[in-house]
Every structure is written in C-alpha cells, then in structure tokens.
Amino acid sequence: MPKPSPKPSSSGKPSPRRPQPRTTSRKPLIYGAAVVVAAALLGYVSYRATAPDSPASSPSSAADVTADPGEGVYPELAKLARRDAGDKLALGRADAPVVLIEYADFKCGYCAKFARDTEPALVKKYVDNGTLRIEWRNFPIFGAESEAAARASWAAGQQNRFWEFHRAAYADGVKEKGFGKGRLKALAHQAGVPDLDRFLRDTDGTAAAAAVSRDQEQGYGIGATSTPSFLINGRPIAGAQPAETFTQAIEQAADRAKNLGSAGQDTKGSAGPEDAEGAQGTASPHGSAK
C-alpha cells in the first residue's frame, strides 16, 4: 500500500517508503504508554484498512467497535479535538458531545469514498442535531499535488468555502484530473470562493503552509500511516469503513459523554474557555450555522 511520503518519486508517483522521522518532528505528540499503544493500533489498522488485499469494507479490516463504549478509547487522543469556534475547517457545534477528527488527503480515493458515501449521512443525522462535530486535518501524503490541494483547501476556508471546496475536490472523477494550479482555481470558482486572486495568494502563502504542516505533523504524531484516518472522541478508526462502524462509534461516544463529559471537558461537564463562545459552531457545507 502507499505509505506517507512528503515528496514524490522520480516517476511522479508517491514513494512506497515512509521517510525516516526528523529529529524534531513526527514523534508522538502526547507521551505515555496508552498513547504509544493507540498510535501503534492506528498504524496497524490504517495499513490493514487500505492494503490491496484487504478492502476497507471487508470485516477483517474494519475497526473494532465493541459493546463496551469505553474500550479502545484513549482520553489523551480525545484532547486533540480543538473545539475552536473560529476553525474554518470544522463543521458543527464547538460544544458537541462527540468530535470526529479526520486526517485525509485530496488525492486519496478512500477519502473521496468516505466524503461521498458516508459523511453526508453523518452530517444529516448527527451534525445537524448537535451531537457531532467534524474537524478536518489536512494530511497530504501523496506528493506535491497533495500538498497544493491541502493548501488550497485552507485558502478556500479563509473565505468560508472550505466545505464547498471539499465537496468539489472529492467529486467523482476529479482527482484523476490532477490538482495543478489552474485546476485548483477552477475548483475554487466552482466552490463559490468570492475572491480568486486572494485565494491564489493565500494558497501560496506561509500561513497556509504552516497550517497544513501543523495538521500533517499531528497525523504523523498519532501514528497514522495512510488516509483516511479518524479519531472519534479518542477512538482510532482507519479507512473508509462501512457507515455502521461510524454510526456505532458515534452513538457509543455520545452515550459515554453523558456520563464522562464530552471530549475537551472535564468529568463534571464544565466547558473549556472557548466553549461558551463556540456554542453556535461553524458553518455547514450548506451555509447554515450549526
């Protein structure tokens, strides 16, 4: 299976080898035995979920979601939920009891499958009623065009069109056309980005590069080795799993949050400093606030 590679090979395809970690990056973000185990689990499940001989929909590669809502949940990973009301790459209420964090690449076919086949139903069923918040993390692993598309998505977000860009970029057949500069501008136009000149400047700017790098390093730090990879209130799930895997994990997390407090809150349910302001959430792909 393709492994993360920040640079394309000479053939233009992503390198099958994962580059060696640098001294100051790609280390676990939170140190502790539980997080090391979680990172190893996510890396293994991530591989199994996207291995050529293990389709994401096969039972053997599906992430285990047991009847115990606390099993397989890592509280330290749940803390990676930002719950920032101003996050333009997030969808849903900042104080939602469940946060799904997605690490994804716009050149990833499995990511497109999740975006087209599974995510809309999750938005309708859980985001719209305030149960779920989705936080996007750009995790480009397939070379220069992946990086460019990630920066472009961030730039579209600065004009409140991230989710429209996301939908356009993951439409059937789009990734096969590539993500050159002209194509990215066309996708931004399709997404309704109002100022295309600003979009191009932002795409090439240092702020976009820094934002993408932050997300990418977080993905490496939790042990993600392929896309898409997910955390649902600290439960690692990898691959475009069947919809039932996500609905079961979300419902279990929501039930558990009733007793333990939602991700980012203490067990008494006291909100963090941003939650009171963030109760209105961010814009949905349809433009309405959640």
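Which residues of α3 are buried? The model is predicted: local features need a pLDDT of at least 70, side-chain atom pairs count only at pLDDT 80 or more, and totals for chains, interfaces and linings use all residues.

Helices (H or I, at least four residues) and strands (E, at least two) are DSSP runs, numbered from the N terminus. The buried residues of helix α3 are Cys-111, Ala-112, Phe-114, Ala-115, Thr-118, Glu-119, Leu-122, Val-123, Tyr-126 and Val-127. Here, buried means under 20% relative accessible area, exposed over 50%, and partly exposed in between (1.4 Å probe, protein chains only). An α-helix has 3.6 residues a turn, so residues three or four places apart point the same way.

The cover over these buried residues includes β1, β2 (98-104), β3 (132-138), α5 (162-169), β4 and α9 (243-260). Helix α3 spans residues 109-127 and bends by about 45° at Thr-118, where the bend is the angle between axes fitted to the seven residues ending at a residue and the seven starting there. A proline, Pro-120, follows within four residues.

## The sheet

Five strands form an open sheet in the order β1-β3-β2-β4-β5, with mixed pairing. Two strands pair if DSSP finds at least two bridges between them. At the edges lie β1 (90-91) and β5 (235-238), each of which pairs on one side only.

## Strand β4 and its partners

Strand β4 (residues 229-232) pairs with β5 in the antiparallel sense over 4 bridges. Across this pairing, Phe-230 has Ile-237 as its bridge partner, and Ser-229 stands opposite Ala-238. The hairpin of β4 and β5 has 2 residues between the strands, and Asn-233 takes a positive phi near 50° in this hairpin. β4 also pairs with β2, again antiparallel and over 4 bridges; Ile-101 stands opposite Leu-231 of β4.

In a regular strand the side chains alternate between the two faces of the sheet. Both faces of β4 are covered, with Ser-229 and Leu-231 buried on one side and Phe-230 and Ile-232 buried on the other.

## Confidence

The protein chain averages a pLDDT of 78, and 66% of the residues score at least 70; pLDDT is the predictor's confidence in each residue, from 0 to 100. Over residues 44-63 the pLDDT stays under 50, and the model has 44 contacts (heavy atoms within 4.5 Å) for this stretch beyond four places in sequence. Residues 266-290 also have a pLDDT below 50, with 52 contacts beyond near neighbours in sequence.

Definitions and conventions:
Residues numbered from 1 in each chain as written. Heavy atoms only, no water.
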